[in-house]
Amino acid sequence: MTGRQIAALVVLLASQFMMAADFSVLNVALPEVGTALGFSTGGLQWITTTFALCAAGCTLVFGRVGDYVGRRRIFTAGMAVLAVSSLVGGIAESPTMLLVARTLQGLSTAAVTPAALALLTTAFTEPALRTRALGLNSVMMSSGFSVGAILGGFLTDMFSWRWAFFINIPVAIAAILVVPLVVDESRAEQRTRVDLPGALLITLGLFSGIYGVTRVGEEGFDIIAGGTLIVAAALMGVFWAVESRTTDALVPVRVLKKPDIAFGNLAALFIFGGETALIFFTGLYVQDVLGLSSLVAGLVLLGIGVGQIIAGTVGPRILQRVRPRTMLGVSLFLQGAFMLPALWATADSRWLIPLIATQFVNAFFSMTAALSFMVIATSSIDSDMQGMATGMATQSQQVGIAIGIPLISAVFAAVIGHGTVTVAEELEGIHTAIGVAGGCQVVIGLLLWAALRRRTALPG
């Protein structure tokens, strides 16, 4: 890489890490935030859900807009919104003010993440360099979630939860100043009109779907959850029909029909949904079952962060020898398999060592799966549509992150029921939740491996 490419890589990867960490940095601080600002117990989940709704619902739209108006321009605007929203969140004195800040943070994530990824894929066009850049990007994205939890625990215990917001401001300002110096503007060569009907339908459909799943996780399946899920399915159906007949579609149906794109984005839901659920329930296990602090819970997650960093370093080399399709299925299978040893965890703190060890291996394969998915998702689409490709890939990650915890939490809630819960009952719920998440990854990994292997073996 040239010096300019290295500088571009550093600033874009730093932004990706920060945007990923923003999702989880407040998770371990939720009780303190609730006490400080007067959130109800049921209202705390909206601190995370509000962010996830905006980040997942708007990513594809911002990615495609970046193709039209310039990816660097969208990146810079998103960073400016992040700086402002972080200031608002840090000085918030009411639940409404904090939720406004989280909404803006979610929108900035939806703008910055696909723009940064598209700038990477267009700056590094040589296959080996692109794979290395994508590998490092996957490290920043995935490890950001676990490190965000560690950082949130540290800042909350040592200073205040408000620093989980303030820490973003200098990084965002630095990115705004440096990016124009080291990153060239990038946009589609052929300008087309913006597909407003498609953008509206996909955004509303994702909002409805994610809200419905979140409601199921929090309240159980009721008429509101069922209604929003039906509305989501109807909007997605209309979106497919509209895109089939639109010349300048937001996402051309021919792209959605590509097996690599379809299978890769399906895998992303399980890769990222399962990993965020594991992080969430590890925090519950360490704090509620073992009775340790939020800082210790964050430190336990270091095994996940280290595993992801190592995999991001060696993963590109593995991909030079193994087909991404094969690596995707096998990695997802092993990611789930190394989640399952947690089923034997007890209320004895001596279980922390084997838990950290197995989560390290789990994280390694979650990263190789994520890297394989990203290579597949961006390599089969031409440069004019890289904003759409990276937007769709990032959106799959965000949707997986947004629905992973609510869906697995619904399993957890079904086991423990309502009212006062003993440590033994909570541990049983954690076992069941992790078992379902890991089992789904094992099954989907095997199915993907078989489907993609069969497709590879076909002529042409």
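**Exercise 1. The crossing of H4 and H5**

Determine the handedness of the crossing of H4 and H5 in this predicted model, and state how the two helices are oriented to each other.

*Solution.* The crossing of H4 and H5 is left-handed. For the orientation, take the axes of helix H4 (residues 71-90) and helix H5 (residues 95-123), which come within 8 Å and cross at roughly 155°. Angles over 145 degrees count as roughly antiparallel, and H4 and H5 are therefore roughly antiparallel to each other. Sorted by class, the residues in the contact of H4 with H5 comprise 16 nonpolar, 7 polar and 2 charged.

**Exercise 2. The second largest pocket**

Describe the second largest pocket by its space, by the residues closest to its centre, and by the classes of its lining residues.

*Solution.* The space in the second largest pocket is about 620 Å³. The pocket is lined by 25 residues, of which Ile202, Leu206, Met236, Gln395 and Ser396 are the closest to the centre. At least two lining residues come from each of helix H9 (196-219), helix H10 (223-245), helix H12 (259-289) and helix H17 (386-416). By class, the lining consists of 20 nonpolar and 5 polar residues, with no charged ones.

**Exercise 3. An aromatic pair**

Classify the geometry of the aromatic pair formed by Trp163 and Phe166, and locate both residues in the secondary structure.

*Solution.* The structure holds 4 aromatic pairs, one of which joins Trp163 and Phe166, with 5.4 Å centre to centre and 80° between the planes. Planes over 60 degrees apart count as edge-to-face, and the pair of Trp163 and Phe166 is accordingly edge-to-face. Both residues lie in helix H7 (residues 163-166), where they are 3 residues apart, about one turn of the helix.

Terms used: Residues numbered from 1 in each chain as written. Predicted model: local features only at pLDDT ≥ 70, side-chain atom pairs only at ≥ 80, totals over all residues. Heavy atoms only, no water. 1 Å grid on protein atoms, 1.4 Å probe; cavity = no way out; pocket = protein on both sides within 12 Å on 5 of 7 lines; lining within 4 Å. Points joined across faces, edges and corners; volume = space filled by probe spheres on them. Helix = DSSP H or I, 4+ residues; strand = E, 2+ residues; numbered from the N terminus. Nonpolar A, V, L, I, M, F, W, Y, C, P; charged D, E, K, R; others polar. Axes fitted to C-alpha atoms, helices over the stretch in contact; angles between N-to-C directions. Parallel < 35°, antiparallel > 145°, perpendicular 65-115°, else oblique. Left-handed = near helix turned anticlockwise from the far one by under 90°. Phe/Tyr/Trp six-rings, centres within 6.5 Å; stacked < 30°, edge-to-face > 60°.
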